[in-house]
Amino acid sequence: MNLARFPRIRLGHLPTPLEPMEQLSRHLGGPRLWIKRDDCTGLSTGGNKTRKLEYLCADAQAQGADILITQGATQSNHARQTAAAAAKLGLDCLILLEDRTGSTDPAYTQSGNVLMDRLHGAQVARRPGGADMQAEMEAVAADLRAKGRKPYVIPGGGSNPVGALGYVNAALELVAQAAEMGLRIDHLVHATGSAGTQAGLVAGLVALNSGIPVLGIGVRAPKPKQEANVLALAERTAAHLGLPGLIKAEHVVANCDYVGQGYGIPTEGMVEAVKLVAQKEGILLDPVYSGKGMAGLIDLIQRGHFAKDQNIVFLHTGGQAGLFGYPEAFGLPGDVAA
């Protein structure tokens with residue numbers, strides 16, 4: 001598996017740290033918890049999409065693109081990082097934001113990631129919930145081509161075989177770190193949404209014959225749909241690597257019991273998980289992805305899903321900027337008078 005044959009532009013601060021969460025492990029009574037800090041990739045406060053954009057932006061440049069087009073939910077971490085990558089590479093950026101929550105709170109619609117999209121100079125356009133966002137992007141791209149522009153369309157989450165290479169590379173990085181530390185990883189857990197992160201990890205870890213199972217905690221789709229999406233993309237990613245037939249259905253596992261009322265809608269478990277990790281480890285999760293992923297991990301631990309002596313790595317996919325879009329969800333008290 002030779003990733004060097006695929007074009008890549010270095011955008012992230014890699015490798016990201018792999019650290020123990022000693023206080024949280026002690027609080028929960030085991031297993032031994034570790035965190036892979038992909039919130040520390042560096043590009044516009046970091047996040048998992050940076051790894052994907054290293055390959056996607058290289059592909060865009062190879063095709064002579066002068067503008068990146070992508071889409072996501074209102075508080076999209078992917079949109080923020082795409083806007084930052086475009087700024088860094090001297091490209092224009094157009095972002096289509098879909099209203100998936102119905103929230104009209106200005107903190108949600110204007111702050112957090114939305115504010116940062118605009119700070120990076122991206123043009124932002126809104127679309128209603130349920131819109132065919134791929135079709136919307138293609139229509140915009142066609143209009144731009146008619147005007148002489150050279151758009152490069154990036155799917156939501158950067159989730160296609162090119163973008164998933166970023167998490168094949170992350171699998172290589174994680175296995176190398178664990179080997180250097182003498183760490184046996186029994187499970188890798190992360191929040192899964194647009195499928196690219198999990199698909200890349202699965203393809204990479206299976207190709208390496210690592211024996212590390214991946215558990216995606218779903219944040220949007222029901223389990224059958226999520227697993228089907230991940231499996232299809234993992235298969236396409238493996239084929240892109242020159243390894244067709246490598247991925248089997250048993251390699252893809254998602255638990256979608258922690259979505260709550262829907263994508264981007266806070267849950268009690270998410271709020272508790274974000275607060276707990278902040279207060280035990282000094283680490284900020286996000287309300288849409290890693291918060292729900294951690295809520296699922298904590299609940300599974302409390303249900304005895306993992307053995308007490310196992311080593312569980314949680315992949316932090318970033319997105320802390322989204323916290324500023326959900327101030328009411330956390331109900332934190334104000335300052336106490338002296």
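Predicted model: local features only at pLDDT ≥ 70, side-chain atom pairs only at ≥ 80, totals over all residues.
The largest cavity has a volume of about 50 Å³. Its lining is made up of Lys36, Tyr167, Ala170, Ala171, Leu174, Leu188, Leu201, Val313 and Leu315. Sorted by class, the residues of this lining are eight nonpolar, no polar and one charged.

Which elements give two or more residues to the lining of the largest cavity? They are helix H7 (161-181) and E10. The largest share, four residues, comes from H7.

Because Lys36 lies in strand E2 and Glu173 in helix H7, the pair ties together parts that are 137 residues apart in sequence.

Side chains of opposite charge can pair in this way when their charged atoms come close. Across the whole structure, a search finds 14 salt bridges.

## The six-stranded sheet

Strands E2 and E10 also belong to an open sheet of six strands, which has the order E1-E2-E10-E7-E8-E9 and mixed pairing. Strand E1 (18-20) and strand E9 (253-255) stand at the edges with a single partner strand each, so one side of each is left without a neighbour in the sheet. On average, and with direction ignored, neighbouring strands of this sheet are turned by 30 degrees against each other.

Strand E2 (residues 32-37) and strand E10 (residues 311-316) run parallel and are joined by six bridges. Within this pairing, Leu33 stands opposite Ile312 in E10.

## The four-stranded sheet

There is also an open sheet of four strands, with the order E5-E4-E3-E6 and parallel pairing. At its edges are strand E5 (123-127) and strand E6 (151-153), each of which pairs on one side only. The twist from one strand to the next averages 25 degrees.

How many bridges join E3 to strand E4? Seven bridges link E3 to strand E4 (residues 92-98), and the two strands run parallel. Here, Ile67 stands opposite Asp92 in E4.

## The largest pocket

Now for the pockets. The largest pocket has a volume of about 790 Å³. It is lined by 39 residues, of which Gly156, Gly193, Ser194, Ala195 and Arg220 lie nearest its centre. Helix H2 (49-62), strand E3 (67-73), helix H3 (77-89), helix H6 (133-146), strand E7 (187-192), helix H8 (196-207) and helix H9 (223-240) each give two or more residues to the lining. H9 gives the most, with six residues.

The lining of the largest pocket draws at least three residues from each of domain 1 (18-47 + 160-325) and domain 2 (49-154). By class, its residues divide into 12 nonpolar, 20 polar and seven charged. Ala195 has a backbone feature to look out for: its phi is positive, about 90 degrees, although it is not a glycine. You will find Ala195 in the loop between E7 and H8.

## The second largest pocket

The second largest pocket has a volume of about 230 Å³. Its lining consists of Val274, Lys275, Ala278, Gln279, Leu284, Leu323, Phe324, Tyr326, Pro327, Phe330 and Leu332. By class, nine of these residues are nonpolar, one is polar and one is charged.

Helix H10 (268-281) and helix H12 (327-330) each supply at least two residues of this lining. Which of the elements has the largest share? That is H10, with four residues.

## Two cis peptide bonds

Finally, here are two peptide bonds to check in the structure. The bond from Leu14 to Pro15 is cis, with omega near 0 degrees. Pro15 lies in the segment before E1.

Another cis peptide bond joins Gly30 and Pro31, where omega is about 5 degrees. Pro31 sits in the loop between helix H1 (22-28) and E2.

Methods:
Residues numbered from 1 in each chain as written. Heavy atoms only, no water. Pairing = 2+ DSSP bridges. Axes fitted to C-alpha atoms, helices over the stretch in contact; angles between N-to-C directions. 1 Å grid on protein atoms, 1.4 Å probe; cavity = no way out; pocket = protein on both sides within 12 Å on 5 of 7 lines; lining within 4 Å. Points joined across faces, edges and corners; volume = space filled by probe spheres on them. Nonpolar A, V, L, I, M, F, W, Y, C, P; charged D, E, K, R; others polar. Domains from an automatic or database assignment. Salt bridge = Lys/Arg side-chain N within 4 Å of Asp/Glu carboxyl O.
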